[in-house]
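Dear colleague,

Please find below the structure that I am handing over to you. My notes on it follow, arranged by topic.

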Number of protein chains: 2
Amino acid sequence: MGFWAVVPAGGAGTRLWPLSRRDDPKFLHDLTGSGSSLLQQTRARLEPLAGDRVVVVTGAAHADAVRAQLPDAVAARVVAEPSPRDSMAAIGLAAALIERQDPDAVLGSFAADHVVADDAAFAECVRRAAAVAADGWLVTLGVRPTYAATGFGWIHLGEELAGHPGAHAVAQFVEKPDADRAAVYLAGGEHRWNAGMFVARPGVLLDLLADSDPGFAAELRAMAADPSLVGAAWPTLPKIAIDHAVAEPAADAGRVAVVEADFDWEDVGDFAALAGLLPATGPGPRVLGDAALVHAIDSDGVVVPAGGRPVAVVGVPGVVVVDTGDALLVTTVERAQDVKRLVAELGATRPDLL
Amino acid sequence: MGFWAVVPAGGAGTRLWPLSRRDDPKFLHDLTGSGSSLLQQTRARLEPLAGDRVVVVTGAAHADAVRAQLPDAVAARVVAEPSPRDSMAAIGLAAALIERQDPDAVLGSFAADHVVADDAAFAECVRRAAAVAADGWLVTLGVRPTYAATGFGWIHLGEELAGHPGAHAVAQFVEKPDADRAAVYLAGGEHRWNAGMFVARPGVLLDLLADSDPGFAAELRAMAADPSLVGAAWPTLPKIAIDHAVAEPAADAGRVAVVEADFDWEDVGDFAALAGLLPATGPGPRVLGDAALVHAIDSDGVVVPAGGRPVAVVGVPGVVVVDTGDALLVTTVERAQDVKRLVAELGATRPDLL
């Protein structure tokens, strides 16, 4: 069985403005101080599983930047979307391309901008998922929850699968819960976080899509057969997430399995999450970048001196300072979610800054 | 009687870093959004009293910048100190120069970096002080306190002067008090703030200095008579504030009067003070500079977008953001005093930033 990875590289990461921009999205950035971008880390994590069989799907505007960050063999497989059509179109086209090239393959889809702490545990988990997927299941990775998260969807575990110890049927995908509900899920032990990671045979994925939208699946397969169709057909594709297009209806039909993911996973959604990923070097703020530029008194939080200028912080616990060459953000870890609101306002008044 | 103004323009304004720098001190800046620097505002405030009879004393490093901000007739009188020797040397040399040129004059000394809200009330107060000074008193302006300030010295009022209703002898100059003591002074009504503004005949001032340090006074008069002596003699002068050299001993000798100053006065010592001087234009932070650059959600305080870049603030009440071309400060109004501590640390590690 050949394992292929699909890496959707999209999403502006609006809660990471001004570090992440429309024209320079977060997956192109090193957000963990590792020296590699999130995209490069994702590729490296997948290499033991997929070698060069990695299909990155990204917006046409970012295709060159994405290729520049990848080894040639992977760069050659980058698929440029003419326009954003959400994850079903992106992953579906990649699945259709893989189906033609390697019909017996199993593919796994992993976002370009997530962080996983333990690559070996990740690979082991994906191998288990691939074994289940080889039997015709759509498999999702269910991250063991560590707190009552309201920012993710959750997965309700069903029966354990015969022949796949530790894998369960998915009873239901649950939308982002409120805090009370999330606490119940956490305490109950029968729910996992939905990290948006799917593993399936490409034909299984497309056939499941065909069950709910036969025309959509047919279009994707036609484009894979004749890429010259993409330009005209792409803008007509439904704009829908793979969760709604395939995973939820397939779960209702008893076709989705979940494999437990026992590794730390982070979607780096905002600066609070980013702060959590950076190593602490002392009592002061975490620093993404050159720590010698940061001068702090009685402050923690996170400072990103990406503008190359010295940043001094005096007496602001939990502060978030993001200094780029052309824009500056000051907020707190506590209010980091609200950067989304700021970006919405800037979209109306200063779209040039996004 | 000719009235002369002496304007000591010194002091780095360390609690206003990075706006105020060693090489670009606060008196050269427009800190109130008025369109004029503090030095220019000081000169304009003194014009109705002194015309062009204004002697600005500043460090040699700043003399050109100071002259460039002044009309030619005032620029021509700028005195450049070879090195900083504190306020007695600076004001004393100006007094000695004025004494030679206009022996019957009265002079008033007013720092270049203070802000006064009501120029007419200021002029009226200085005229009253000058009338007292003409009778041979060293006169200080006592600002009516509006809160229990611990950041200034206070003046304890003595008896009312015969022939000068409203003017009092100074019973004592009091060092910066602690909060309890300041509250007592405020409640008692017999204390005023010492704003460091002195009015006297130049000969009276120098003779009072001669009472405590005859050599110092003689040196100053010798330099005024022969400016070629300044280079050699200046570095040998005592480094002492006028308060200690003259005002305090003269008060003990019953030679100092105080005239009530009934105008709002601010020494713009830190960013909290600066925030108080800027007009509020809405619920967000006060802005020194281009308000269109500031995007704030749930924040007040003060933002200085002096770097020309957009500054976004999300959910940080009382925040202070000072963005300059080459350094960035983030603190709060509450902690604004501690910028001094930061500057002390930078002095050890990054003196190039000061």
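In which sense do strand E7 (residues 154-161) of chain A and strand E8 (residues 164-174) of chain A pair, and over how many bridges? The two strands pair in the antiparallel sense, over six bridges. Please note that this is a predicted model.

Two of the facing pairs can be named. Leu157(A) stands opposite Val170(A) in E8(A), and Trp154(A) stands opposite Val174(A) in E8(A). E7(A) and E8(A) form a hairpin with two residues between them. In the turn, Gly163(A) has a positive phi of about 85 degrees.

E7(A) pairs with strand E9 (residues 191-200) of chain A in the antiparallel sense, over three bridges; here Ile155(A) stands opposite Arg192(A). E8(A) pairs with strand E10 (residues 256-261) of chain A, again in the antiparallel sense and over three bridges. In that pairing, His168(A) stands opposite Val258(A).

The relation between the chains

Two copies of a chain are related by a rotation about an axis and a shift along it. In this model, chain A is superposed on chain B by a rotation of 180 degrees with 0.1 Å of shift along its axis, and the RMSD is 0.1 Å. That is the relation of a two-fold axis. The C-alpha nearest the axis in chain A belongs to Val330(A), at 4.0 Å from it. Both copies use the same surface, since 100% of the contact residues of chain A recur in chain B.

The contact takes 29 residues from chain A and 29 residues from chain B. On the side of chain A that touches chain B, the elements giving two or more residues are E13, E15, strand E16 (319-323), strand E17 (328-332) and helix H12 (339-349) of chain A. The residues of that side divide into 17 nonpolar, four polar and eight charged.

One open sheet of six strands has the order E12(A)-E14(A)-E16(A)-E17(A)-E15(B)-E13(B), with mixed pairing. Its edge strands are strand E12 (286-287) of chain A and strand E13 (294-297) of chain B, each of which pairs on one side only. Helix H12(A) packs on this sheet and touches E17 of chain A together with E13 and E15 of chain B. The direction of H12(A) makes about 135 degrees with that of E13(B).

Within this sheet, E13(B) and E15(B) run parallel and are joined by four bridges. Ala296(B) has Val313(B) in E15(B) as its bridge partner. Between the chains, E17(A) and strand E15 (residues 311-314) of chain B pair in the parallel sense over three bridges. There, Leu329(A) stands opposite Ala312(B).

Another open sheet of six strands has the order E13(A)-E15(A)-E17(B)-E16(B)-E14(B)-E12(B), also with mixed pairing. The edge strands here are strand E13 (294-297) of chain A and strand E12 (286-287) of chain B. Helix H12 (residues 339-349) of chain B packs on this sheet, touching E13 and strand E15 (311-314) of chain A as well as E17 of chain B. Strand E16 (residues 319-323) of chain B runs antiparallel to strand E17 (residues 328-332) of chain B, with five bridges joining them. Val320(B) stands opposite Thr331(B) in E17(B).

Buried residues

The largest nonpolar core has 249 residues, and those with the most contacts inside it are Leu138(A) and Leu138(B). Leaving aside neighbours within four places in sequence, the residues in contact with Leu138(B) include Phe198(B), Val204(B), Leu205(B), Leu208(B) and Val246(B).

Helix H7 (residues 202-212) of chain B has the buried residues Pro202(B), Val204(B), Leu205(B), Leu206(B), Leu208(B) and Leu209(B). The elements against which they pack include helix H4 (86-101), strand E6 (138-143), strand E9 (191-200) and helix H10 (242-252) of chain B.

The C-alpha atoms of Arg21(A) and Gly11(A), ten residues apart along the chain, are separated by 9.7 Å.

With kind regards

Definitions and conventions. Residues numbered from 1 in each chain as written. Chains lettered and ligands numbered in written order. Predicted model: local features only at pLDDT ≥ 70, side-chain atom pairs only at ≥ 80, totals over all residues. Pairing = 2+ DSSP bridges. Contact = placed C-beta atoms within 7 Å. Axes fitted to C-alpha atoms, helices over the stretch in contact; angles between N-to-C directions. Nonpolar A, V, L, I, M, F, W, Y, C, P; charged D, E, K, R; others polar. Buried ≥ 20, exposed ≤ 12 C-beta atoms within 10 Å, placed from the backbone. Least-squares fit on C-alpha atoms with pLDDT ≥ 70 in both. Core = buried A, V, L, I, M, F, W, Y, C linked by C-beta atoms within 7 Å.
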